[in-house]
Structure formats: C-alpha cells, structure tokens
Amino acid sequence: MKKVTREKEYLKGVRVSILAAKDPIGNELADMLAKEGCSVHLADTIETLQKLTTQEPSKILVIEQAFCEALHKILSNDKRELENLGSEIVVIPNKEDQDDAIGWARKFQGYAVSNPLLRGETVVLMERILDTRLLKKQLERYESSEPNLERFGPIVVKSPEMKDVIRLARILAIRSDCVLFVGGVGTGKELLAQTIHENSPRRHGPFFAINCRSFSPEDLAVELFGRGEPSSSDLSDEKNLLEMCNGGTLFLDEIGIISPNIQGKLQRFLEDGTYTRVNSRAVCQCDVRIMAAITKPLDEAVAKGEFSEELFFRLNRFTLHSPALRRRVEDIPILTKAILDRIAKEKNEKPKRIVEDTLRVLMDYHWPGNIRELENVLEFAALVADKDPIYPHHLPKQFQDEVGSIFLGTSVDDLPPISEIERRYIIRVMEATKGNKVKAATILDINRATLHRKLQMYEQDKVSEL
C-alpha cells in the first residue's frame with residue numbers, strides 16, 4: 001500500500017494562539033505545534049493573549065474549555081477581537097465533560113479536539129482547518145459568473161493589460177523568488193503581493209507589508225533586522241520584521257529610498273538568508289520571501305550609484321508592472337462593485353446600488369490617485385447617498401465639472417464645444433497635480449510649452465470676462 005505523505009512543512013510559519021491554564025496541556029500543545037513550524041503565542045489569561053497578538057495576529061485560537069465563557073462575553077461586545085486572537089477556534093475539553101466542549105465549538109462555529117491530545121490528530125486537524133479556510137475564501141470570490149473576467153484570489157479584472165499581469169502573478173505564486181512591483185501610488189501593488197503570497201506554498205505563514213518612507217534610515221534598519229545581540233530569553237517583544245515573517249513573506253514598499261547600509265544587509269539576506277542585527281556581529285537566519293515595490297524605475301538611481309546594482313539585479317529578477325487605473329477603465333465597474341460590497345459588509349448593510357450614469361462619469365475620470373482614490377470617492381458617495389442609489393450628484397465636487405458629467409441631462413442644443421471640454425479637463429488635471437506642470441503635461445500627453453500657452457489663454461479669458 002502506497003504511503004500517503006503530506007506537504008512538507010505544511011504548518012511552517014502559521015501563527016497559533018493558545019489560551020490555557022498553567023498546566024502541562026498548554027505547554028505540551030505549544031511544543032507540539034512549534035516542532036511543526038508554527039509560531040505560537042501561549043497565555044493563561046485572555047488579556048495577556050490580546051497583548052501578545054496585537055502585533056502578531058494569529059490564524060487559529062486553541063482555547064481550553066474553562067475560558068470559553070469569558071471569550072464568549074468578549075465576542076458578544078466585539079467580534080473583531082478574533083481578527084488578532086484567531087478567526088478559527090479549537091476547543092480543548094475538560095476530561096470530565098467532553099460534550100460541553102463540543103457545544104462551545106458549535107457556538108463558535110469552530111472545532112474540538114480530544115483530551116488527552118494526540119499529536120497526529122491535532123496536526124491533521126490544523127491542516128484541515130487551514131484548507132477549509134482557504135476554500136471558503138475561494139468560494140466567496142468565485143460566486144459571480146460574469147464572462148470575460150480573469151480571477152486571481154480577490155482580484156477580478158477585465159482589461160487585457162491586467163489579465164496579463166495576473167497570469168504572470170499566478171506563475172510567480174508557486175515560486176520562491178523575489179518579486180519587484182512597479183506602479184504608481186494606489187495601483188494595488190500590495191494587494192497583488194498579498195494575493196501571490198496567499199496562493200503560494202507559504203500561504204499559511206505570515207504576510208507583513210511596510211512602507212520604507214515611514215521610517216528614518218536608522219529606525220528602518222532596526223525594524224527590519226533588530227538591534228543588539230540576539231537574546232536567549234523570550235524575544236516576543238524584541239522580534240524584528242524578518243523574525244516575525246519567518247516562514248512567510250515581507251513586502252517592502254518604496255524600497256528605492258533605503259540607505260546603502262540597509263541595501264548591503266538586504267543583499268546579503270537575499271543571497272543566503274542570513275543577516276546581522278544593528279550593532280551586532282552575531283549571524284541570524286530566517287526563511288522569508290521578499291517582495292518589493294517602487295513607483296518609478298530604479299535605473300537612474302543605479303546609474304548614479306545611489307542604489308546597489310547587485311541588489312537591483314536580485315530584486316529585478318521578476319518584475320510585475322501595475323498599470324494606472326486610467327489605462328484599465330474596463331475594470332472600473334468591477335472594482336466599484338467590489339468596493340461597495342466591502343463598504344456594505346463593514347457596515348452590515350446591503351450593497352449600495354450605483355446608476356449607469358454615475359459609472360459613466362467614473363469611467364471618464366482620469367484617476368490621478370488610482371484605485372485608492374476610487375475607494376475614497378465611493379466611500380464619500382455612499383455616505384452622501386444615504387439610502388438612495390448613487391447618482392452623479394452624490395460624487396465629490398471635482399466630478400461635478402468633469403468631462404463625463406457635462407453630458408448628463410444635457411440636450412443636444414446645449415452640448416459644449418470641444419474647446420470648452422478641453423479647458424475643463426486641463427484645469428481639472430492642474431488641480432489634481434497641485435499645479436505641477438511637468439506632471440500635468442505628462443498626463444495630458446502634451447508638451448509643457450503647449451500647456452503653458454493654454455493656461456495663459458484661459459487666464460486672459462477669465463480677466464476679459466470680468
């Protein structure tokens with residue numbers, strides 16, 4: 001009979017929180033899961049566990065039956081507590097009353113294990129929990145049967161350019177190489193990176209994303225690699241990002257601004273998985289997949305010697321370009337529906353309806369802020385519309401003078417000349433770029449001299465009208 005083997009290191013990097021009294025069972029379970037590669041938080045009070053999981057959220061919460069009543073009271077007030085403690089709950093029963101534990105498992109829509117614990121049974125249960133969790137997410141994402149769509153995790157696209165992007169992303173998901181994302185602010189680079197992670201062999205491990213611009217060079221080095229000699233004691237409060245991501249993926253946004261010192265440390269880590277902490281010579285090792293993102297190509301910085309050529313080649317082995325929203329207008333209706341569904345889910349309401357005229361206005365807009373701006377616009381419109389469908393007049397002020405909106409409700413005799421449409425569009429682009437003529441000229445696809453001449457003409461027209 002052929003021996004059935006499971007995926008090697010299946011549970012590696014999976015975060016599990018354990019709430020158990022100070023008795024052997026909690027320590028036994030923690031040791032068992034740690035040997036399987038799990039990152040374990042063990043606590044004997046809910047308050048302690050909440051503190052431990054604030055920065056390192058867990059996927060699975062294993063709880064002794066004695067704590068179920070207290071957990072139920074907390075969740076009655078705020079179910080979001082499980083986002084950190086662990087959205088999947090496993091109950092360990094008292095030896096005297098196994099049936100009551102099963103009742104709690106049903107109440108939490110979770111699972112129960114036997115007591116005393118059996119290693120094989122516990123490990124298989126953890127694996128099945130993770131598989132079921134993944135299948136639930138996939139089922140939710142494939143509910144729509146609309147044709148001509150390409151899907152990858154939560155990402156659903158229709159535009160040819162984005163279809164090519166996610167086809168390549170699927171291939172990269174099964175590899176362990178570094179991936180470099182290139183695209184403007186708000187184009188969804190982090191979501192794409194997280195989706196690749198969730199479809200990779202590391203999918204049960206942690207995913208962390210940071211923006212390198214949010215830290216000074218000194219603070220970023222400590223955040224990534226830690227400071228001082230590694231301690232032999234509990235490092236739960238001292239873990240650096242590489243340690244926190246062990247078995248998972250770390251996404252570094254705006255990597256082009258990192259200092260030469262960090263470049264050298266990161267280059268070494270990409271070579272052999274080793275690094276040294278700040279002010280330390282001790283060599284540490286972690287298993288982390290690095291993904292990085294930039295808003296503009298690094299070629300110029302490499303040519304000037306501001307960015308390591310060796311590091312650039314390691315990062316740039318596989319590159320995914322995330323196109324601007326204005327280049328993928330076919331995706332706007334799909335994105336709009338997804339965003340409105342998310343807003344409704346957060347408020348526990350029915351999704352807001354949006355009329356065709358409003359969608360047309362959104363598709364005619366040039367979206368300097370990309371998907372992030374679309375999210376902000378729809379959140380504003382949903383709030384203003386209240387219980388009504390979203391009409392064009394519910395959109396923010398900048399849309400009331402947009403090119404697409406001037407046709408709505410306008411008779412043929414009142415349609416403006418093309419020169420007026422051009423004037424409105426140029427002025428709107430200047431507002432969106434905060435007067436940056438270089439950026440505005442790039443968006444408008446005209447040279448700066450032409451833009452300057454047109455702006456002077458509009459200014460003269462305004463003076464003559466006075």
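A charge is said to sit over a ring if NZ of Lys or CZ of Arg is within 6 Å of the ring centre and within 35 degrees of the ring normal. The structure described here is a predicted model, in which local features need pLDDT of at least 70 and side-chain atom pairs count only at pLDDT 80 or more, while totals for chains, interfaces and linings use all residues. Residues are numbered from 1 along each chain as its sequence is written, and side-chain values use heavy atoms, with hydrogens and water left out.

**Aromatic rings and charges**

The charged end of Lys265 meets this criterion over the ring of Phe225, 5.5 Å from the ring centre. Likewise, the charged end of Lys107 sits over the ring of Trp104, 4.9 Å from its centre.

A pair of aromatic rings is described by the distance of the centres and the angle of the planes. Rings of Phe, Tyr and Trp (its six-membered ring) pair if their centres lie within 6.5 Å; planes under 30 degrees apart count as stacked, over 60 as edge-to-face and the rest as tilted. The structure holds six such aromatic pairs. Two of them are set out below.

| Pair | Distance of centres | Angle of planes | Class |
|---|---|---|---|
| Trp104 and Phe108 | 5.6 Å | 25° | stacked |
| Tyr365 and Trp367 | 4.5 Å | 90° | edge-to-face |

A residue is buried at under 20% relative accessible area, exposed at over 50% and partly exposed in between (1.4 Å probe, protein chains only). Trp104 and Phe108 are both buried, and both Tyr365 and Trp367 are buried as well.

**Cysteines**

A disulfide is a covalent bond between the sulfur atoms of two cysteines. With the cut-off for a pair of cysteine sulfur atoms set at within 2.5 Å, the structure holds zero disulfides. Cys38 has 10% relative accessibility and therefore counts as buried; Cys212, at 1%, also counts as buried.

**A residue in a loop**

Helices (H or I, at least four residues) and strands (E, at least two) are DSSP runs, numbered from the N terminus. Leu298 belongs to the loop between strand 13 (289-294) and helix 12 (299-303). Its relative accessible area is 6%, so Leu298 is buried. Leu298 and Ile255 are 43 residues apart in sequence, and their C-alpha atoms are 9.6 Å apart in space.
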